Amino acid sequence: MCTLATSAQADPVDWVNLYIGTGSGPIGYGGTMPFVTTPFGMTDWTPQTRQNKLSVVSYKYEDTSISGFVGTHQPAIWMGDYGYVTLMPEIDGLKTTPDDRKLAFNHKDEIVRPDYYSVWMDADHSRRIRTEMTATERCSYLRFTFPANASSTVIVEASRPGIAGFAHVDAAAQEITGYNPDRIDSGLGPFKLPNFKGYFVIQFRKAFSGSGLYGPTAQDPGLATGAYAKFKTTEGEIVEARVGTSFISIDQARQNLKAEIPVWDFEAVRNSLRATWNDKLGRITVEGATDDQRRIVYTGLYHALLYPRIFSEQGRYYSAFDDTVHKGTSYTAYSIWDTFRAEHSLLTLMAPERIDGMIGALLQNYQEGGWMPKWPNPSYTNIMIGTHADSLVAEAINKHFKGFDYNLAWDAVYKDAMTPPDGDTTRRWADREPHTPYEARAGLTYLKELGYIPVDHTAESASSTLEDSYDDWCVAQVAKALGKTSDYQFFLKRSLNYQHLFNKETGFMQAKHADGSWAGLDEGWTEGNKWVYTWAVMHDIPGLIQLMGGREKYNAELDEHFSGGHNVHSNEPSHHYGYLYDYSGQPWKTQAKVREIATAEYANLPSGIDGDDDCGQMSAWYIFTALGFYPVNPASGDYMIGSPLFTKMTLRLANGNHFTVDAVNNSSKNVYIQSATLNGKPLTIPVIRYEDILAGASLRLVMGPSPSHWGADWTPAPLSESLSHLDR
């Protein structure tokens, strides 16, 4: 069973429902897995109901059998795993393939929580085997409960058939060690990384009654698919295993295990992990939510606190950008095209102690591989467009994080903005094109000449032109922070390149050919269309309103966007669109729309996330919307006000302050803001600042059933006005 809290229980971890996002159904498919891990854990542990690969994750709610318990590094359904290791208990002979070793299970026999997983599996003839798991940042502790059997077995899959892994058994030490060199995404980036391996050390508490290697290459102990340990067990006997993982060496995996699970005490590890999650999840408190809503909130926060994942070990890390080991702290699994929009903004509030290390890791990647990555897993993958690491850097600087080298950050973002990728004019740069150089800003050569990327030379050109414009605004922020005035002005002006693609005749953003002629309305897009990308100007919505001919035309077009079913919340480019009425004098429409989206797109169900959670971005949208605000331009530090979902939410900030949102008279019908105060003073604009939150402000909103004029008089200036002041 998935043990769920009742309203009488206080622990935040008990409100997490790890089934949310693991199934398909009326809302979506989520692509999440029920991970037992720490916040930002290096290795996640989950039951394996299917063999994961690109577009397939390890666990699917609808499945009825388990073939292993995997220490996985797969971050999302459309990314691959790497350096994984799998354990599986079995009886009655050695069964090594996933199909042969799978055992039936039922969800009523599961306990699924962030700190603990348990399942009873059917082993035939009225016999059952139980697996329990808990974890630390890089290690796991497993318990296997066997029936009476002369050959109870735990197999250790070092690598899948056909992949040259390594396994070694030391029966005297009751230990199995090895490594897995598989990187499912290896074909997507430029580096072969011959030194890459996911290492493991597995220690058993009980002496082996037998052991060995298996696999098609078992004759060569250096190329074994896996290993196994046998035990003679009495009815209900528990066999315990501790697993250490590493990307540095087997010795480092052993050191990680010694540091994180030094003694045989499953409950101590479990209690420590529970306390860790309670502390992190407890940084948000909710009043006035139903039990279902509370589960969505805490499950969303759990998902948002998984990525980016730690990738360093006791002061060292393996770099998948130069294939060597370095001193320092590192992170990986940045789904930046998705997560720059809200996930990282949420982390600046919920996990600020991680931000310097996360930005520092991107800058290390730049030093070691030549560029900041756009989607490291763990190396370059060239997935998606733009160089939105620029946004993460600009946001951290604008929010006054100081623990990384600003000058190095400038070098990195400047290269993104000014250096075309290798072969820029000879490649189309199609999505997931294998074995290409690092893509960076595809088509930058043309953009520097024409002011836009031409569709007849570069794939995804219109989407890239618009997203590069936002990234240029971010680069300008870094220049401003470093006092580089001319660079600041240059990139601020270039961030207006989005204007080249607005066709006043059609009223949409539209791709262009190199000769300046318009392409078809459906050309040049990625994961979207003209409806999705016309509203993509996150850094200059007032300028977009001006392009469209003013507020009346803008609002009419935005109305049609929603009424025509063009808002696709299951994909990230649409995430800020519900908040766009705040800029155009109709904030009451934002208040109604974001409530509508939150209700339709999220639920306390296995299908309760519409589309991939995308490393926390889908969840971060819900957390912000529940709070009543959202970072339309995340690097700016501004949050646009929507409509809080509950009567009160409180953020317990790392600096000791508390930020509260108090929504008086809030209900499912009272969605409209009638008046607002910030720290007791009237707030008349639909914006709050990061500094307000960090200071521990109190936002009080009086809610009602009908639209009001609150916030409607706000008229933010277009970016062009700021530029005209600079030119004087």
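Trainee: How many helices and strands does the protein have?

Mentor: This predicted model has 19 helices and 30 strands.

Trainee: What makes the protein agree with a compact globule?

Mentor: Set the value against the rule. For 728 residues, the rule puts the radius of gyration of a compact globule near 27 Å. The protein has 26 Å, so the two agree. Along the principal axes, the C-alpha atoms fill a box of roughly 85 × 60 × 45 Å.

Trainee: What share of the residues counts as buried?

Mentor: The cut-off is under 20% relative accessible area. By that test, 66% of the 728 residues count as buried. The exposed surface comes to about 23700 Å². Carbon and sulfur atoms supply 50% of that area.

Trainee: Why is leucine 408 called buried?

Mentor: Leucine 408 has 15% relative accessibility. Buried means under 20%. The value falls below the cut-off, therefore leucine 408 counts as buried.

Trainee: Where is leucine 408, and what does it touch?

Mentor: Leucine 408 belongs to helix H9, residues 406-418. Leaving aside residues up to four places away in sequence, leucine 408 touches Leu363, Tyr366 and Gln367. A touch here means heavy atoms within 4.5 Å.

Trainee: How far is leucine 408 from isoleucine 545?

Mentor: In sequence, 137 residues separate leucine 408 and isoleucine 545. In space, their C-alpha atoms are 36 Å apart.

Trainee: What share of the contacts joins residues 24 or more positions apart?

Mentor: Take the contacts with a separation of 6 or more. Residues 24 or more positions apart account for 70% of them.

Trainee: How do you know that strands E16 and E25 pair?

Mentor: Pairing needs at least two bridges. Strand E16 (residues 284-287) and strand E25 (residues 648-652) have 4 bridges, so they pair. They run antiparallel.

Trainee: What makes E25 and E26 a pair?

Mentor: The test again is at least two bridges. E25 and strand E26 (residues 658-664) have 5, so they pair, in the antiparallel sense. Threonine 650 stands opposite threonine 660 in E26.

Trainee: Which residue takes a positive phi in the hairpin of E25 and E26?

Mentor: Glycine 656 does, with phi near 95°. The hairpin has 5 residues between the strands.

Trainee: How far apart are the mean positions of the positive and negative charges?

Mentor: They are 4 Å apart. The protein has 63 positive and 85 negative charges.

Note on methods: Residues numbered from 1 in each chain as written. Predicted model: local features only at pLDDT ≥ 70, side-chain atom pairs only at ≥ 80, totals over all residues. Heavy atoms only, no water. Helix = DSSP H or I, 4+ residues; strand = E, 2+ residues; numbered from the N terminus. Rg over C-alpha atoms; globule rule 2.2 N^0.38 Å. Buried < 20%, exposed > 50% of the residue type's maximum accessible area, 1.4 Å probe, protein only. Areas by Shrake-Rupley, 256 points an atom, 1.4 Å probe, with all protein chains shown as cover. Lys, Arg positive; Asp, Glu negative; His and termini not counted. Charge placed at Lys NZ, Arg CZ, Asp CG, Glu CD.
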